[in-house]
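Trainee: Could you walk me through this structure, one question after another?
Mentor: Gladly, let us look at it together.

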Amino acid sequence: MLLEPLPEQAPLRKQLKDAARASRGKHDDEVSERDRVRHERLAQWELTVGIEIHAQLNTSSKLFSRASAEYTDVPNAASWPFDLAVPGSQPLFQPAVLVPAIRAALALKCQIQRRSKFDRKHYFYHDQPAGYQITQYYEPLARDGHLVLTQQDGLGEKDGGKIEIGIKQVQLEQDTAKTQEQDEVTSLIDFNRSGHALIEIISLPHLHTPEAAAAYVRKVQSILYAVDAATTGMELGGLRADVNVSVRRLDDNTSNHSYSGVGGLGQRTEIKNLSSFKSVEDAVRAERDRQIDVLESGGTIEGETRGWSLSAPGVTRRLRGKEGEVDYRYMPDPDISPLYIHPEVVEHLREHLPPVPEQLLDMLCANYGFTVVDAQALLALDNGGRLLWYQDIVAHLKVRENDVRSRLGVQVGNWVLHELGALLTTTETQWHPGLIDSQQMADLVSLQAQNKLTGPSAKRLLRILFDGDKRSVAEIAEEENLLFMPMTDEEYDALADAVIEANSSEADVVRQNGKQAKGKLKFLLGQMMRQGDRNRIEAQRAERILQTKLSPVGA
Amino acid sequence: MDRVPIRRVIFGTGYRGPDIKTGRIQPSSRIESMLSRPSWSVRSMLPHDEEDKQASVTKEQLHHLLKLSALPQPRSQEEEDGMLKTLESQIHFVKEVQKVNTTGVEPLVALRDETAESFREQTVTLDTLKPFLDQEEKVGNNGTIRRRKPTEMITHSGWDPFELGDGKETRKMGKYFFVKKGKDKDNAPPVLPP
């Protein structure tokens, strides 16, 4: 599921279709011999990945100070003494952060803990004024959730159709200050971000392909966005991922590391601070290949922290070895009381939890007759705005029609996605809610459904609305002469006679051979269609008249 | 002023209140004799010189610990030996403390009010969160919710961190704080400009 609103210029539906096709296993890169060999080699190894995601919470205050967490571009304008660890300053827990945090945990199907506690994670760095980060190491806010990934989310071939990724815990923690490199020896520090509330989402090591790893991060981001828990995505630095990667040979039992209760794994390494979905996929792939290379040539993997950068996407490089390993000396923070959450809070937030994309997708397919690809396309447009407009249109129609599902739902979808989509693309316009009134769209679809507008006329009417005409659809249809006036029986009669007379030899063939002369009948029909009024003739009626006139028995 | 009679029953110690003439408090003789014979000293938990000391901390560990704590490495063999000796006695002390049986005892993190009343007061309820839920609005009919964000960008949040400076603004560069990077040869922590 794509989160970023894609411009109309990109052929979105084509992209989604390609992605769907690719995930069904027709990769281009399996063609060459080199890749076949690589494929065989990979088949002997199992990759295991666990991911830790840090997301900025959508809330008005920081975690432990009353400073504002809203965006500002003035450096060092939004801090209180505790955010700079001024001696004597004390933490003051801000309950506002619990609203997005609990929603996120619920959307990830976690159990919210009645009691959770805060701990200090010690390390020295210029963006960490206190010398420690306040986090929840021992007793986090929420535990034991999961997330389901399907083919549509972009799984790799090896993953099969559907996998469930366990989520170990979701915890509250502080963000660091922001650093800017002024030059080689000077760093500029902005403490606005220091102390912002983050959640860290720790997955179990259940991911087994680079594609699944990227899909997981993408899905978590879309879920957080859907429940309003986090509104800045990876592209804006609001969401960061650290991945833990290990490999093991499938046919031996020497791998005996255990992480978060999952055993039989190889030694893992960590790659920190990945900031796009693609980089997650590329970094995991690069590290997998490196580890396999090392192990196949008889070496061992060291537990270390590695880095990845866009300038060299095929490799990871060592950042910190065992001797540089940081000991965080976790300890409970004695200045902060445990956090107790009343069950009514959890129940209220659970009851009113906004729908996640999956639910909206299911709704569109079940109640509105959409295909999965079209539903995904609609959901991705305009930050969910197009979906809401679509639903308004259908709501107007429901008043008049009883059976919205399957028929009208799909028709409206066609107009909203494809017809309007084409117009927006060709005119390079951005959609916005005021572009065309939903009532007007409903009227247009209704007229067409009643056969009062032909396809071409309806498209013309759409263009008129698109250009800003505020008249009612009925008025436009009337005044622009778009209404379909069907040909009368007499007119069909006269036209059919004329065509038969002009093509008497073909007509005779039909008279004699009846059903056998389909081709000739079609020819005559074509003649009628060409000679009749394009806007008023209906092929079915024309064909019926011809059949009646040329039937072997009738006259 | 007359003495309040209840003082006679405090602690059963025979405390009689401040001396009438001097106003000074006289400790009871029973208390005095009790305190003159301590039954325990913290010295019992320190290593005795006669003990066969097995080094529990290597030089490498000491250097690692100093690095973790952003402290400078020892400047002489003497200093290093001194640090190791101090560390050893501290470890010994901790081992003595660890001999206490704490099965079933929840570790004390801080002295807090742990009454039922205080627990109730601390619990986050819907009332606590109501002002924040009120800042949200429903969008569309699918149950989507969006927090209303302020339309004006904030320019100042109430406290100026540059107040902390010494007036000479040695750590300030425009609206930013700054740090200098760089290590000297023997990996001592970086020295910041004065």
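Trainee: Over how many bridges do β4(A) and β17(A) pair?
Mentor: A word on ground rules: this is a predicted model, where local features need pLDDT of at least 70, side-chain atom pairs count only at pLDDT 80 or more, and totals for chains, interfaces and linings use all residues. Residues are numbered from 1 along each chain as its sequence is written, chains are lettered from A and ligands numbered from 1 in the order in which they are written, and side-chain values use heavy atoms, leaving out hydrogens and water. Strands (E, at least two residues) are DSSP runs numbered from the N terminus, as are helices (H or I, at least four), and two strands pair if DSSP finds at least two bridges between them. β4(A) and β17(A) run antiparallel, and their bridges number two.

Trainee: Which strands of the open sheet stand at its edges, and why is one side of each without a neighbour?
Mentor: The sheet has three strands in the order β5-β4-β17 of chain A, with antiparallel pairing. Each edge strand has a single partner, so one side is left without a neighbour in the sheet; these strands are β5 and β17 (331-332) of chain A.

Trainee: What area is buried between chain A and chain B?
Mentor: Buried area is the accessible area (1.4 Å probe) that two parts lose on being put together, summed over both. Carbon and sulfur atoms give 61% of it here, and the total is about 5,200 Å².

Trainee: Which residue of chain B forms a salt bridge with A:Arg103?
Mentor: A salt bridge is a side-chain nitrogen of Lys or Arg within 4 Å of a carboxyl oxygen of Asp or Glu. Between chain A and chain B the count is six. For A:Arg103, the closest N and O atoms are 2.9 Å apart, and the partner is B:Glu136.
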